[in-house]
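Me: I would like to go through the terms used for this structure and check each one against its definition. Please show it to me.

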Amino acid sequence: MAERAARRPGLVATIAWRIVFFAVVAMAAQLVIVFADYYFDDSELGSLMIERETALLAQGISRKDGQWAFELPASIGGFGPDSPTRVARIRTLDGTRIFSNCGDQCREHLLPEEIDPPDRWTRLLSQGKPIAVAGGRSMQIDGQEVVIEIAILDKNEAVMWRALGHEFADHLAIPMLLQLVLVLGGSLVSTWLAMRPVKAAARQAGAIDPLDPEHKIDISQMPREVAELGVAVNRSLARIGRLMREQKLFTTAVAHEIRTPLAMLQLELGQIDSPRARRMEKDVEGLARFVGQITALGRLEAIERKGFKPIDLAQLGRGVVASMGPWVYDHAHAIAFVESDAGAMLGDRGLLEDALMNLITNAVTHTPPGTDIELCAGPGPRIAVVDKAGLYHVATSDDAPMAKAGDSLGMGLEIVKRIAALHDGRFAISADPAIGTMAVLTFPPLTPKPTP
């Protein structure tokens with residue numbers, strides 16, 4: 001599920017593609033509107049052609065040492081000498097002619113030179129396409145006013161399409177692209193900033209400790225719409241935590257209620273002198289141990305990490321051996337404590353004692369009488385229970401519970417495994433004929449607090 005979610009496109013990428021898509025649609029619609037406005041209005045289109053062509057011709061005008069000069073720009077063609085289809089005349093207001101490629105056509109299509117021309121003028125020479133148009137405008141060049149007049153008599157629409165293309169680029173494509181970049185950038189940055197608290201909430205949700213009922217998703221920095229989702233998740237977590245606590249209380253209560261009649265049953269069986277009573281006594285003892293494990297499991301799931309305290313593993317091991325020693329000897333086994341530079345850790349003493357007692361109980365239960373058992377503390381934050389019998393067999397499946405032969409459900413070892421996980425530690429069992437069976441608990445070392 002997590003891999004499938006990781007392959008889905010991100011929200012930022014989705015928004016970016018949608019903005020680009022709708023921007024392209026808007027540009028296409030604007031293109032159609034602008035084209036319709038210009039293409040079907042010959043007068044406006046003729047003015048656009050005059051404005052574009054005169055602007056190109058103005059690029060070739062220069063003035064040096066008080067003398068005017070003109071060179072036809074490479075970006076415009078068709079205004080060569082004696083051109084029959086494109087007429088041009090460039091002059092100053094005092095009558096100085098800078099460039100002209102026409103004779104009678106100038107007199108026929110352009111304004112008389114003795115007339116003071118307007119700043120801009122356009123006159124359609126024919127109706128329909130291709131457009132024939134004459135016109136001109138005044139421009140300031142090198143501090144002096146220059147009049148540029150042209151007439152376009154082409155039988156094709158090259159000038160018209162060039163003018164339309166320039167209009168689209170200057171007044172449509174470039175502004176809209178700039179707007180797209182600003183809108184896209186602003187939207188993506190805003191979305192990224194808005195999603196930061198959501199990502200933080202996802203990390204918090206992934207790190208939620210099911211054993212910590214106070215652990216909730218922080219919604220203080222979230223937008224209102226996303227905060228509503230966080231509130232719903234927190235409510236769900238609260239309900240789940242409440243159900244788990246109720247289940248733990250029920251299980252623990254049932255286990256406590258059963259322990260008393262079991263103890264009385266053991267006392268009564270002890271008064272009966274019969275082999276059948278001894279067999280029943282053994283079964284009742286196993287049932288009592290199972291009930292004790294259920295109680296320990298309920299207590300394990302009620303523990304919160306914030307109550308952990310520093311624990312000396314050597315001292316812990318000595319205490320467990322001292323309390324379990326009589327029971328071990330009563331079952332015809334021997335137990336000893338071995339210390340090898342043991343370290344300290346942060347944890348719950350009661351849970352760790354439960355784990356070691358479970359391991360010692362398993363070692364006594366599943367080994368022949370007379371087996372030597374050692375509880376080894378160290379080196380470092382490590383503690384192990386070793387029996388010399390070496391009868392443990394590793395399960396062939398990773399999903400199978402860790403259990404020795406005869407230990408139904410592997411409840412004891414499962415409790416040990418959970419206690420190790422609660423303390424961020426590792427639990428491993430190995431069997432070596434030369435050493436025996438080793439059940440090892442390894443924990444993170446106790447980090448000293450920095451001195452102020």
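Reply: Two strands pair if DSSP finds at least two bridges between them. Helices (H or I, at least four residues) and strands (E, at least two) are DSSP runs, numbered from the N terminus. This is a predicted model, where local features need pLDDT of at least 70 and side-chain atom pairs count only at pLDDT 80 or more, while totals for chains, interfaces and linings use all residues. Residues are numbered from 1 along each chain as its sequence is written, and side-chain values use heavy atoms, with hydrogens and water left out.

Me: What makes β9 and β11 a pair?

Reply: Six bridges join β9 to β11 (residues 372-377), and the definition asks for at least two. The two strands run parallel. One of the bridges links E339 to its partner A377 in β11.

Me: Why are β9 and β13 said to stand at the edges?

Reply: The sheet is open, with five strands in the order β9-β11-β12-β14-β13 and mixed pairing. β9 (334-339) and β13 (426-432) each have a single partner strand, so one side of each is left without a neighbour in the sheet. Neighbouring strands are turned by 15° against each other on average, direction ignored.

Me: Which strands does α10 touch on the sheet?

Reply: Helix α10 touches β13 and β14 (436-442), where contact means heavy atoms within 4.5 Å. The direction of α10 makes about 135° with that of β13.

Me: Why is α9 called roughly antiparallel to α10?

Reply: Axes are lines fitted to C-alpha atoms, for helices over the stretch in contact, and angles run from 0 to 180 degrees between N-to-C directions. The axes of α9 (residues 349-365) and α10 (residues 411-422) come within 9 Å and cross at roughly 150°. Angles under 35 degrees count as roughly parallel, over 145 as roughly antiparallel, 65 to 115 as roughly perpendicular and the rest as oblique. That crossing angle therefore makes α9 roughly antiparallel to α10.

Me: How many residues in the contact of α9 with α10 are nonpolar, polar and charged?

Reply: They divide into nine nonpolar, three polar and one charged. Ala, Val, Leu, Ile, Met, Phe, Trp, Tyr, Cys and Pro count as nonpolar, Asp, Glu, Lys and Arg as charged, and the others, Gly among them, as polar. The contact includes L351 and D354 of α9 and G412 of α10.

Me: How do you know that β3 and β7 pair?

Reply: Strand β3 (residues 86-92) and strand β7 (residues 144-152) share seven bridges in the antiparallel sense, against a requirement of at least two. R86 has I152 in β7 as its bridge partner.
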